[in-house]
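Here is a short briefing on a protein model. Please look at the sequence and the structure first, then read the points below.

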Amino acid sequence: MFLSSQAMAQNSSPSPRRDINDVLRAHDKELLAIPGVVGIYVGELDDGKTPCLKVMLLRKSDETERAIPKTLEGYPVVTEVTGEIRPLGN
Amino acid sequence: MLKPRQFLRALVALTAGVLSGFVSLNAFAAPPAGVLDDTHANVRAVIAVQHEVTADWMRQPEVLGTAVGLDAAGNTSLVVYVDQDAKNAGEVIRNLPHNLRGVNVQIEMTDKFRSMAKPGGGGGTSHTAKQTPPIKLGTSGGWRYDLANGYCCGGTLGSLVLIGGVEHILSNYHVFESDIVAGGNNRVAMTGDPVIQPGLIDVNCTAANAQDVANLVKKNSLPGSNVDCSVAAVTTGMVDPTGAILEIGTISSQTVAASLNQAVKKSGRTTGLTRSSISGLNATISVAYDNECAGGAAFTKTFTGQIVIANRGSRFLNSGDSGSLMVEDVATNPRAVGLLFAGSSSTAIANPIGQVLSFLNATMVGVP
């Protein structure tokens, strides 16, 4: 089921309540359903210690960024442009 | 599998102190319409700007070169290589334009360029040459008949596993067995088909110039399972029974789970021995697959629980490295971490090796 970014934002809470991997599993399908999103993973913020959800984007797009919540269940959500993920045979 | 637009990734007009001109991919046929070669309008536009500015910009010692490249969104751009060790690199970058006459300018921080006699660069070890058997892994290879639609394809023979006590070469589904339509070569991959070293792409698409080292054992890992893997039963005497990998050596028979910031390395057909670190875990990723070499769309697979590795400028993993085994970056008998199979110019993706071995009911060949 696809949840809008508004709905996902409403699920946010000030502090993490459950493991970030469970949060990813709960939301990966609706995030992946946003046009321009190619992947989601558990990473760290630039401080090298704060766990976050990273959303991989096909290209930079304000529209796509607006559809992605800033936090999910208290965890920061950040985007990064990776381009298409493709098999790397030759 | 090779997609026509991937040709640009190998078609980099690099103008630097040690390299110049175009480097073209080894294809045995003219690129199809729409391929971004040096006749394409977008490429020519970038080259025009490149010719205009390169000499001037390279008067600054911090600028090591320029190239025609693709940005993360797949658009042509002018890449400017800046010496990452230069004291004034920041100032030089601030003074470079973001766009010049409609051409995007991308900055890439890099080591100083140096001559590389052979692919891989690590001690002159070739990962594409035909080896005298028994071969070491981390080398070019693929399905013997992987030629269709005017192109040939291949990847990396990554590592050695045991299945039911029998040695098998481990690589990817999309390297060994993703030809699933008669299509451009009137053939589909079948159990028993030869697997060759090096791959067709490194022998001018002529299988007679390669050697049979194993026989495909189809596992049909995709699209049904969560791993992109395939195996080939080793032909007696053709593969080093220790499972040694070029520039890595023997590995451990044990495996280790990925962890954030973990240092890793791999040995592959295109980029040789390279190192990076784990930047993400538990990734959910969509990957599109072709139905044969340079063929049509087969399916899009959504993987879960994948490993993400930093791959800036495709320096860790590039086209042709698929099938490489990713191991922990230790000097002696490293443990396997993942099976590399996909990525972009900034990100590489690996199946957790535990999932791969479970799917295959296999164990790594290595030191206990």
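A148(B) is buried, because its relative accessible area is 1% and buried means under 20% relative accessible area, with exposed over 50% and partly exposed in between (1.4 Å probe, protein chains only). This is a predicted model, in which local features need pLDDT of at least 70 and side-chain atom pairs count only at pLDDT 80 or more, while totals for chains, interfaces and linings use all residues; side-chain values use heavy atoms, with hydrogens and water left out. Residues are numbered from 1 along each chain as its sequence is written, and chains are lettered from A and ligands numbered from 1 in the order in which they are written.

**The surroundings of A148(B)**

- A148(B) sits in strand β9 (residues 147-148) of chain B; helices (H or I, at least four residues) and strands (E, at least two) are DSSP runs, numbered from the N terminus.
- Leaving out residues up to four places away in sequence, A148(B) touches G184(B), N185(B), E292(B), C293(B) and A294(B), where contact means heavy atoms within 4.5 Å.
- The C-alpha atoms of A148(B) and C293(B) are separated by 5.6 Å, and the two residues are 145 residues apart along the chain.

**Chain A as a whole**

- Chain A has three helices and five strands, and from the N terminus on they run α-α-β-β-α-β-β-β.
- Of the 90 residues in chain A, 48% are buried.
- The accessible surface of chain A is about 4,400 Å², and carbon and sulfur atoms hold 50% of that surface; accessible areas come from the Shrake-Rupley method with a 1.4 Å probe, and for residues only the protein chains shown count as cover.
- Among contacts in chain A with a separation of 6 or more, 55% join residues 24 or more positions apart.

**Helix α2 of chain A**

- What span should the 13 residues of helix α2 (residues 20-32) of chain A have? At 1.5 Å a residue the helix should span 18 Å, and its end C-alpha atoms are 17 Å apart, which agrees; the expected span is 1.5 Å times one less than the number of residues.
- α2(A) bends by about 40° at A26(A), the bend being the angle between axes fitted to the seven residues ending there and the seven starting there.
- Buried residues in α2(A) include I20(A), V23(A), L24(A) and H27(A).

**Strands of chain A**

- Strand β2 (residues 51-57) of chain A pairs with strand β4 (residues 75-81) of chain A in the parallel sense over five bridges; two strands pair if DSSP finds at least two bridges between them.
- In β4(A), T79(A) is the residue opposite V55(A).
- Strand β3 (residues 71-72) of chain A pairs with β4(A) in the antiparallel sense over two bridges, and T71(A) stands opposite P76(A) in β4(A).
- β3(A) and β4(A) form a hairpin with two residues between them, and E73(A) in the turn has a positive phi of about 50°.

**The open sheet of chain B**

- Eight strands of chain B form an open sheet with antiparallel pairing, in the order β11-β8-β14-β15-β16-β13-β12-β23.
- β11 (155-157) and β23 (363-364) of chain B stand at the edges with a single partner strand each, so one side of each has no neighbour in the sheet.
- β14(B) and β15(B) pair in the antiparallel sense over four bridges, and I196(B) stands opposite D212(B) in β15(B).

**The largest nonpolar core**

- The largest nonpolar core has 38 residues, and those with the most contacts inside it are I169(B), L170(B), V213(B) and V239(B). A nonpolar core is a set of buried Ala, Val, Leu, Ile, Met, Phe, Trp, Tyr and Cys residues joined through side-chain atoms within 4.5 Å.
- α4(B) gives the largest share of this core, four residues.
- V213(B) touches I135(B), L157(B), I169(B) and V239(B), among others, not counting residues up to four places away in sequence.

**Backbone details in chain B**

- The peptide bond from P133(B) to P134(B) is cis, with omega near 5°, and P134(B) lies in the loop between β7 (103-110) and β8 (139-143) of chain B.
- The peptide bond from Q197(B) to P198(B) is also cis, with omega near -10°.
- E247(B) is not a glycine but has a positive phi of about 65°, and at 25% relative accessibility E247(B) counts as partly exposed.
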